[in-house]
Amino acid sequence: MFNRLLFKAIICIFTPMFRRIKFPILRYLVIFLYFVVIFFCAIELNFLWLFGYSPDMQDIKTPTLSLSSEVYYADGTLIGRYYKQNRSPVEFKDISPNIINALIATEDVRFYKHRGVDFYSFFTSMISTAKGDRRGGSTITQQLAKNLFETRKKKSQGIIKHVPFIRTIVYKCKEWLTAFKIEHVYTKQQILTLYLNTVPFGNNSFGIKTASLKIFNKTPDKVNPAEAATLVGMLKATSTYNPINNPDHALERRNVVLGQMLKYDYLTQAEYDVNVKKPITLDLSYVENEGQGDSYIRQAVERWLKKWLHDNDYDLYQDGLKIYTTIDPRLQQYAEEAVAEKMKMLQKRFDNLWGKKNPWRDSNGDEITDFVLKAEQHLPIYEKLVKKYSNNTALINQYFERPKHMKVFTWNGDKDTTFSSVDSIKYYTRILNTGMMTIEPSTGKIKVWVGGIDHQYFNYDHVNQSRRQAGSTFKPFAYVTALDNGFSPCDKFTDKPVSIKYNDGGKTQVWEPKNADFRFSYQEMSLRWAMGKSVNSVTAQVTEKVGWDKVVEYAHKCGIESPLKSVPSVSLGSNDVSVYEMVRAYSTFLNKGQKIDPLLVSRITDQQGNVLEEFTLKTEKVLSEETAWLMLYMFRGGMEEPGGTSLALWEYPGLWKKDNQIGGKTGTSSGYVDGWYMGITKDLVTGIWVGADDRSVHFTSSETGEGSHTALPIFGRFMEKVYADPKSGYTYGPFPKPWSKISKTYDCPSPRIKTDTAAIDSLFMPGDTTMIKPDTVKTD
């Protein structure tokens, strides 16, 4: 109603004025021009919030390329920033005339003749488009307006964005208005400089300096006409005309640009003939320092916020957000120190084991002879070398064997050395890595995130990007299924050979798992004892009783999201899962049966501190309180039952004060490829994985490669440091008392018999180094 009255008022006011014009054509022309002016004013003023924000003169005079976002620990300590590190501004005097000439000849040949908007080019482009020859009519200044002030971004749109055709007209008019303002404030040289410093070249590269360095390893003042034409040619479609990925299209487009330079007298015929015959010669040796200040947490936060950023139209690298994580800086420091201390020792153990022998082995323990070649073929540069050298293997091998100066990771600090690519592959393949995460289940807050041993050299995050076989750490999902379906911790099973028939893809299979020590005791044992000692035969029997489909169902219930193949061996950890998933699922037991969505970020604010989002814990009841508490009691069995696989924790005296209780589960996949430990205290759940990134590289014995000898020590050292610090906020103490009435029998002490306390807990048979296949697990 308000808009209608307003419109009528405007018509009533100005209709008499229009009627004074006696000639109809002139009257209609004046009315048209009048409403065009009104329309542009409405856009500029964002009348009734219809058109969205437009940059004012102050914005034009002080443009901001981007505002870095900052990420903080839970206590407000800065972790790092997000900003476009590959944007390197350059001054006009440092830009080759070849680039300027190529740009003007191709993008805006009348650049020096218009004042921001070229109506002649606009109308001719419309005519060409109508004839089927679609081409743009935007000037360089208009493109700058779009790039620098993001006139088409959602936050610059108003209500009118929901009307498709009108929306496009508003976009174009807004660009015109902004272009006029830019031309009013800046000289032509300044406009060209601003444009070339902000224009995107694809692959998160912004500005002419970054592009010329990446593609030709030259600064912008050093490029020749052919190189300048290649760079400018990319602006039409940065992916299609990328000379690295699409050299044929890039060459074709470059020659079009050279043709434009010839047409408009920026090149003589002789210069054109020389440059058009040149091949595109790339120099990809320039190395960016994009990882500076980066970390696993910083990257994890970016992945965690991806959906939120998209849904709310924020750019992490430009919008100046302040992101407050749940990471505890004290605990994070202790975790990183424990990882460094124990992984350094593990690497030394591994190197002593293999010596000068190559550790990449097949299932029979034989060296994989073509391992390095396959590693080369997986490198991003390999396909480019195949194209460059026309698949000449001798030249490709020569490239990989050429020595280069480089810095490499060592546990004693960065080391300057001379390595070929082959040397580098062999060196880094031998290095063990880890992933570690700690969560506080009661709040859902992630307290520790260690994605690997060194983010500068190993970007891959082993907390939630990597998925590996969980080994015996997956067994609790069989036992929770049993407890939630009528069984009790005191129910007895006999450690004896087991043979299970099942159907897999229409074929009948037989699974006969062996224990880790390749022996059966024929002893009757409670479920708690069997889980604490990690007895494969009993776990297999439990799985058969409850059904492997049911085990998969409960694993997903508790928080495992990875696909799980439903076969009898699922309970022995034959599927690949992440540390993140395992910690989340184990948290369900300590959180009274409530599954949680872990929180890595608590809140986000803008630069002024205004809260944009606060993240709260989301839970779902998936287990009864009785079942959840009984599982905590079961986990303590690893420390309390005869032959428990967590007994090595007694070697850490800093853990055992004031009646402290700890539960946990070790795990090792076949061939000692993956070592795991899942540790539970009264407040925290921690998950740790240890192994090499390539599964063919691993330890060779239980004494060196079991989870109790690789991952468990990291947990032990970490918790010692936490308990030793009174300011950590985490203290000694027993597990919580039952949250509700326990109807099942659970207090059934196991007989203390003489046993080998060097407990083995893995999914392999001694001497068997085969990887576990989901349908062929042979042992624990």
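Q: Which residue forms a disulfide with Cys490?
A: In this predicted model, local features need pLDDT of at least 70 and side-chain atom pairs count only at pLDDT 80 or more, while totals for chains, interfaces and linings use all residues. Residues are numbered from 1 along each chain as its sequence is written, and side-chain values use heavy atoms, with hydrogens and water left out. A disulfide is a pair of cysteine sulfur atoms within 2.5 Å. The sulfur atom of Cys490 lies 2.0 Å from that of its partner, Cys748.

Q: Why is the disulfide of Cys490 and Cys748 left-handed?
A: The handedness follows from the torsion about the S-S bond. The disulfide is left-handed because this torsion is about -100°.

Q: How many residues apart are Cys490 and Cys748?
A: Cys490 is in the loop between α20 (476–483) and β11 (492–494), and Cys748 in the segment after α29 (712–724); helices (H or I, at least four residues) and strands (E, at least two) are DSSP runs, numbered from the N terminus. The pair links distant parts of the chain, and the separation is 258 residues.

Q: Is Cys748 buried or exposed?
A: Buried means under 20% relative accessible area, exposed over 50%, and partly exposed in between (1.4 Å probe, protein chains only). Cys748 has a relative accessibility of 17%, so it counts as buried.

Q: Which side chain of opposite charge is nearest to Lys447?
A: Lys447 belongs to strand β9. Lys447 is buried yet has no salt bridge, which requires a side-chain nitrogen of Lys or Arg within 4 Å of a carboxyl oxygen of Asp or Glu. Lys and Arg count as positive and Asp and Glu as negative, with His and the chain ends not counted. At 4.3 Å, the nearest side chain of opposite charge is Glu440.
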